[in-house]
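Here are my notes on the pockets and on one helix pair. Please read them beside the model.

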Amino acid sequence: MTAFQHDMKPILILGGTGKTGRRIADQPAAQGLPVRIGSRAARPSFDWENRASWAPALEGVGAVYISYYPDLAAPGAAEVIGAFADLAVGLGVKRLVLLSGRGEPEAQRAEERVRQSGADWTVLRCSWFMQNFSEGFVLDAVMAGEVALPVGAVGEPFIDADDIADVAVAAFTDNRHIGQLYELTGPRLLTFAEAIAEIATVAGRDIRFVEIGAADFKAGLAAAQLPRDFVELLMMLFTEVLDGRNEHVVDDVSRALGRAARDFTDYANDATAAGIWAEAQ
(Lines give C-alpha, C1' and ligand atoms only; values in the text may rest on other atoms or scores of the structure.)
Protein backbone atom coordinates (compact mmCIF):
# COMPACT_ATOMS: atom_id res chain seq x y z
CA MET A 1 0.00 0.00 0.00
CA THR A 2 1.38 3.41 -0.92
CA ALA A 3 1.75 6.28 1.51
CA PHE A 4 -1.28 8.19 0.20
CA GLN A 5 -3.78 5.51 -0.68
CA HIS A 6 -5.09 5.72 2.90
CA ASP A 7 -6.78 9.10 2.41
CA MET A 8 -6.26 9.82 -1.31
CA LYS A 9 -5.47 13.47 -0.68
CA PRO A 10 -3.91 15.14 -3.74
CA ILE A 11 -0.19 15.64 -4.22
CA LEU A 12 0.47 19.27 -5.14
CA ILE A 13 3.28 19.43 -7.69
CA LEU A 14 4.76 22.91 -7.87
CA GLY A 15 6.31 23.61 -11.23
CA GLY A 16 4.06 20.85 -12.50
CA THR A 17 4.67 21.76 -16.14
CA GLY A 18 8.47 22.01 -15.77
CA LYS A 19 11.25 19.51 -16.42
CA THR A 20 10.82 17.47 -13.26
CA GLY A 21 7.28 18.43 -12.30
CA ARG A 22 5.55 17.13 -15.40
CA ARG A 23 7.46 13.86 -15.19
CA ILE A 24 6.38 13.42 -11.57
CA ALA A 25 2.77 14.33 -12.34
CA ASP A 26 2.51 11.65 -15.00
CA GLN A 27 3.56 8.86 -12.64
CA PRO A 28 1.16 9.31 -9.70
CA ALA A 29 -1.67 9.96 -12.14
CA ALA A 30 -0.88 6.67 -13.85
CA GLN A 31 -0.85 4.94 -10.46
CA GLY A 32 -4.29 6.30 -9.61
CA LEU A 33 -3.05 8.85 -7.07
CA PRO A 34 -4.68 12.29 -7.31
CA VAL A 35 -2.43 15.10 -8.52
CA ARG A 36 -2.85 18.88 -8.44
CA ILE A 37 -0.61 20.99 -10.67
CA GLY A 38 0.84 24.10 -9.08
CA SER A 39 1.40 26.80 -11.69
CA ARG A 40 0.13 30.23 -12.61
CA ALA A 41 -1.99 28.70 -15.37
CA ALA A 42 -3.58 26.08 -13.09
CA ARG A 43 -6.89 26.41 -11.27
CA PRO A 44 -6.48 27.30 -8.49
CA SER A 45 -3.38 29.10 -9.68
CA PHE A 46 -0.09 29.13 -7.80
CA ASP A 47 2.50 31.89 -7.99
CA TRP A 48 5.59 32.07 -5.79
CA GLU A 49 5.43 35.88 -6.01
CA ASN A 50 1.78 36.02 -4.90
CA ARG A 51 1.51 34.57 -1.40
CA ALA A 52 -2.25 34.95 -1.46
CA SER A 53 -2.29 32.13 -4.04
CA TRP A 54 -0.56 29.63 -1.76
CA ALA A 55 -3.39 28.67 0.60
CA PRO A 56 -6.01 27.98 -2.13
CA ALA A 57 -3.53 25.73 -3.94
CA LEU A 58 -2.77 23.88 -0.68
CA GLU A 59 -6.38 23.33 0.35
CA GLY A 60 -7.05 19.63 0.92
CA VAL A 61 -3.54 18.60 -0.13
CA GLY A 62 -1.67 15.76 1.57
CA ALA A 63 1.82 16.24 0.12
CA VAL A 64 3.80 18.78 -1.93
CA TYR A 65 6.65 18.59 -4.41
CA ILE A 66 8.47 21.89 -3.95
CA SER A 67 10.21 23.21 -7.05
CA TYR A 68 11.07 26.88 -6.56
CA TYR A 69 11.18 29.47 -9.33
CA PRO A 70 13.56 30.82 -10.46
CA ASP A 71 15.93 28.64 -8.40
CA LEU A 72 16.74 27.86 -4.77
CA ALA A 73 20.12 29.49 -5.33
CA ALA A 74 18.41 32.88 -5.73
CA PRO A 75 18.84 35.32 -2.82
CA GLY A 76 15.96 35.15 -0.35
CA ALA A 77 14.74 31.75 -1.54
CA ALA A 78 15.18 30.14 1.88
CA GLU A 79 12.84 32.62 3.56
CA VAL A 80 10.17 32.05 0.91
CA ILE A 81 10.49 28.27 1.20
CA GLY A 82 10.31 28.48 4.98
CA ALA A 83 7.14 30.56 4.87
CA PHE A 84 5.56 28.17 2.38
CA ALA A 85 6.51 25.05 4.33
CA ASP A 86 5.14 26.50 7.57
CA LEU A 87 1.86 27.41 5.86
CA ALA A 88 1.59 23.98 4.26
CA VAL A 89 2.05 22.17 7.56
CA GLY A 90 -0.41 24.51 9.25
CA LEU A 91 -2.98 23.58 6.60
CA GLY A 92 -2.53 19.87 7.20
CA VAL A 93 0.10 18.85 4.65
CA LYS A 94 2.00 15.81 5.93
CA ARG A 95 4.83 15.33 3.43
CA LEU A 96 7.20 17.70 1.61
CA VAL A 97 9.69 16.72 -1.10
CA LEU A 98 12.11 19.53 -1.97
CA LEU A 99 14.03 19.88 -5.24
CA SER A 100 17.39 21.37 -4.26
CA GLY A 101 20.80 22.01 -5.83
CA ARG A 102 24.34 20.91 -5.07
CA GLY A 103 26.89 23.35 -3.71
CA GLU A 104 24.41 26.22 -3.34
CA PRO A 105 24.43 27.85 0.13
CA GLU A 106 20.97 29.42 -0.25
CA ALA A 107 19.53 26.08 -1.34
CA GLN A 108 20.98 24.39 1.73
CA ARG A 109 19.39 27.06 3.92
CA ALA A 110 16.06 26.26 2.25
CA GLU A 111 16.60 22.57 2.96
CA GLU A 112 17.00 23.36 6.64
CA ARG A 113 13.76 25.35 6.67
CA VAL A 114 11.89 22.35 5.22
CA ARG A 115 13.48 20.03 7.80
CA GLN A 116 12.33 22.37 10.57
CA SER A 117 8.74 22.60 9.29
CA GLY A 118 7.43 19.56 11.14
CA ALA A 119 6.48 17.71 7.95
CA ASP A 120 7.78 14.34 6.85
CA TRP A 121 10.45 15.51 4.43
CA THR A 122 12.76 14.29 1.67
CA VAL A 123 15.40 16.47 -0.01
CA LEU A 124 16.57 15.86 -3.58
CA ARG A 125 19.87 17.73 -3.94
CA CYS A 126 20.55 17.57 -7.67
CA SER A 127 23.37 18.22 -10.09
CA TRP A 128 22.82 19.99 -13.44
CA PHE A 129 20.02 18.48 -15.50
CA MET A 130 20.86 16.69 -18.73
CA GLN A 131 17.63 18.16 -20.08
CA ASN A 132 19.10 21.67 -19.98
CA PHE A 133 20.56 20.75 -23.37
CA SER A 134 17.23 19.64 -24.85
CA GLU A 135 14.49 21.47 -22.94
CA GLY A 136 16.27 24.37 -21.27
CA PHE A 137 18.09 27.58 -21.99
CA VAL A 138 21.04 25.87 -23.75
CA LEU A 139 18.82 24.31 -26.45
CA ASP A 140 18.80 27.34 -28.75
CA ALA A 141 22.61 27.45 -28.71
CA VAL A 142 22.83 23.72 -29.42
CA MET A 143 20.50 24.16 -32.39
CA ALA A 144 22.58 27.11 -33.63
CA GLY A 145 25.71 24.92 -33.61
CA GLU A 146 27.72 26.84 -31.00
CA VAL A 147 27.41 26.72 -27.22
CA ALA A 148 29.36 29.55 -25.60
CA LEU A 149 29.52 29.44 -21.80
CA PRO A 150 31.85 30.86 -19.11
CA VAL A 151 32.99 27.47 -17.83
CA GLY A 152 36.21 25.57 -18.37
CA ALA A 153 37.37 22.03 -17.74
CA VAL A 154 35.17 21.42 -14.69
CA GLY A 155 33.50 18.03 -14.51
CA GLU A 156 29.77 17.91 -13.81
CA PRO A 157 27.84 14.67 -13.07
CA PHE A 158 24.77 15.63 -15.12
CA ILE A 159 21.55 14.01 -13.82
CA ASP A 160 18.60 12.87 -15.92
CA ALA A 161 15.30 14.53 -14.97
CA ASP A 162 13.62 11.13 -15.28
CA ASP A 163 15.80 9.85 -12.44
CA ILE A 164 14.85 12.84 -10.30
CA ALA A 165 11.17 12.19 -10.99
CA ASP A 166 11.52 8.51 -10.11
CA VAL A 167 13.11 9.34 -6.76
CA ALA A 168 10.45 11.98 -6.03
CA VAL A 169 7.62 9.55 -6.74
CA ALA A 170 9.32 6.96 -4.53
CA ALA A 171 9.50 9.55 -1.76
CA PHE A 172 5.74 10.11 -1.99
CA THR A 173 4.83 6.43 -2.11
CA ASP A 174 7.29 4.72 0.25
CA ASN A 175 7.79 5.72 3.89
CA ARG A 176 11.42 4.58 3.95
CA HIS A 177 12.37 7.80 2.15
CA ILE A 178 11.12 10.02 4.99
CA GLY A 179 13.98 12.04 6.48
CA GLN A 180 16.38 11.23 3.64
CA LEU A 181 18.65 13.67 1.82
CA TYR A 182 19.47 12.24 -1.59
CA GLU A 183 22.33 13.81 -3.56
CA LEU A 184 21.36 12.95 -7.12
CA THR A 185 24.06 12.76 -9.80
CA GLY A 186 24.67 10.90 -12.99
CA PRO A 187 27.17 8.03 -13.08
CA ARG A 188 30.16 9.97 -14.49
CA LEU A 189 31.71 13.39 -14.79
CA LEU A 190 31.60 15.35 -18.03
CA THR A 191 32.80 18.84 -18.79
CA PHE A 192 30.36 21.01 -20.73
CA ALA A 193 32.67 20.68 -23.73
CA GLU A 194 32.55 16.88 -23.46
CA ALA A 195 28.77 16.92 -23.10
CA ILE A 196 28.40 19.02 -26.25
CA ALA A 197 30.82 16.72 -28.09
CA GLU A 198 28.68 13.70 -27.13
CA ILE A 199 25.53 15.42 -28.34
CA ALA A 200 27.21 16.34 -31.63
CA THR A 201 28.39 12.76 -32.17
CA VAL A 202 25.07 11.13 -31.32
CA ALA A 203 22.98 13.70 -33.21
CA GLY A 204 25.32 13.67 -36.21
CA ARG A 205 25.64 17.44 -36.19
CA ASP A 206 28.43 20.00 -36.16
CA ILE A 207 28.09 21.57 -32.70
CA ARG A 208 31.02 23.16 -30.94
CA PHE A 209 31.65 24.42 -27.44
CA VAL A 210 33.39 27.73 -26.82
CA GLU A 211 34.61 28.93 -23.44
CA ILE A 212 33.97 32.64 -23.08
CA GLY A 213 34.55 35.22 -20.38
CA ALA A 214 31.94 36.05 -17.78
CA ALA A 215 31.52 39.61 -19.07
CA ASP A 216 30.83 38.41 -22.61
CA PHE A 217 28.36 35.83 -21.30
CA LYS A 218 26.50 38.46 -19.30
CA ALA A 219 26.40 40.82 -22.27
CA GLY A 220 24.92 38.06 -24.42
CA LEU A 221 22.22 37.33 -21.86
CA ALA A 222 21.37 41.01 -21.62
CA ALA A 223 21.20 41.27 -25.41
CA ALA A 224 18.71 38.38 -25.39
CA GLN A 225 16.53 40.56 -23.11
CA LEU A 226 16.36 37.95 -20.38
CA PRO A 227 15.03 39.15 -17.01
CA ARG A 228 17.69 40.76 -14.87
CA ASP A 229 17.15 38.36 -11.96
CA PHE A 230 17.56 35.36 -14.27
CA VAL A 231 20.75 36.85 -15.71
CA GLU A 232 22.23 37.32 -12.24
CA LEU A 233 21.22 33.77 -11.28
CA LEU A 234 22.93 32.25 -14.32
CA MET A 235 26.02 34.35 -13.69
CA MET A 236 26.21 33.05 -10.13
CA LEU A 237 25.68 29.42 -11.15
CA PHE A 238 28.32 29.50 -13.88
CA THR A 239 30.96 31.63 -12.19
CA GLU A 240 30.61 30.41 -8.59
CA VAL A 241 28.93 27.00 -8.31
CA LEU A 242 30.83 25.55 -11.28
CA ASP A 243 34.17 25.98 -9.53
CA GLY A 244 34.86 22.30 -8.93
CA ARG A 245 32.97 21.99 -5.64
CA ASN A 246 30.59 19.44 -7.18
CA GLU A 247 33.20 17.53 -9.16
CA HIS A 248 32.33 14.12 -7.73
CA VAL A 249 29.77 11.38 -8.33
CA VAL A 250 27.38 10.08 -5.67
CA ASP A 251 25.40 6.81 -5.83
CA ASP A 252 22.21 8.08 -4.17
CA VAL A 253 20.04 7.26 -7.21
CA SER A 254 20.97 3.64 -6.57
CA ARG A 255 20.42 4.05 -2.83
CA ALA A 256 16.93 5.40 -3.42
CA LEU A 257 15.81 3.24 -6.35
CA GLY A 258 17.99 0.14 -6.32
CA ARG A 259 19.23 0.82 -9.85
CA ALA A 260 21.99 2.85 -11.45
CA ALA A 261 21.57 6.45 -12.53
CA ARG A 262 21.04 6.97 -16.25
CA ASP A 263 24.12 7.74 -18.34
CA PHE A 264 24.45 10.88 -20.47
CA THR A 265 24.91 8.85 -23.66
CA ASP A 266 21.58 7.09 -23.12
CA TYR A 267 19.91 10.47 -22.63
CA ALA A 268 21.53 11.84 -25.81
CA ASN A 269 20.47 8.79 -27.82
CA ASP A 270 16.85 9.13 -26.67
CA ALA A 271 16.74 12.88 -27.32
CA THR A 272 18.16 12.31 -30.80
CA ALA A 273 15.63 9.56 -31.51
CA ALA A 274 12.87 11.96 -30.45
CA GLY A 275 14.11 14.50 -33.00
CA ILE A 276 15.00 17.15 -30.40
CA TRP A 277 18.19 18.23 -32.17
CA ALA A 278 17.14 17.47 -35.74
CA GLU A 279 18.12 20.11 -38.29
CA ALA A 280 15.25 21.90 -40.00
CA GLN A 281 14.57 20.56 -43.47
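How do the residues of the lining of the largest pocket divide into nonpolar, polar and charged?

1. The lining of the largest pocket divides into 21 nonpolar, 15 polar and 11 charged residues. Nonpolar means Ala, Val, Leu, Ile, Met, Phe, Trp, Tyr, Cys and Pro; charged means Asp, Glu, Lys and Arg; the others, Gly among them, are polar.

2. On sources: this is a predicted model, where local features need pLDDT of at least 70 and side-chain atom pairs pLDDT 80 or more, while totals for chains, interfaces and linings use all residues. Numbering runs from 1 along each chain as its sequence is written, and side-chain values use heavy atoms, without hydrogens and water.

3. The largest pocket holds about 1600 Å³ of space. A pocket is an open set of points on a 1 Å grid over the protein atoms alone, where a 1.4 Å probe fits, with protein on both sides within 12 Å along at least five of seven lines; lining residues have an atom within 4 Å of a point. Volume is the space filled by probe spheres set on the points, which are joined across faces, edges and corners.

4. Of its 47 lining residues, Tyr-68, Tyr-69, Pro-70, Asp-71 and Leu-233 lie nearest the centre of the largest pocket. Helix H9 (228–241) and strand E4 (95–101) each give two or more residues. H9 has the largest share, 8 residues. Helices (H or I, at least four residues) and strands (E, at least two) are DSSP runs, numbered from the N terminus.

5. The second largest pocket has about 340 Å³ of space. Phe-137, Ala-141, Ala-148, Phe-217 and Leu-221 are closest to its centre, out of 17 lining residues. That lining has 13 nonpolar, 1 polar and 3 charged residues.
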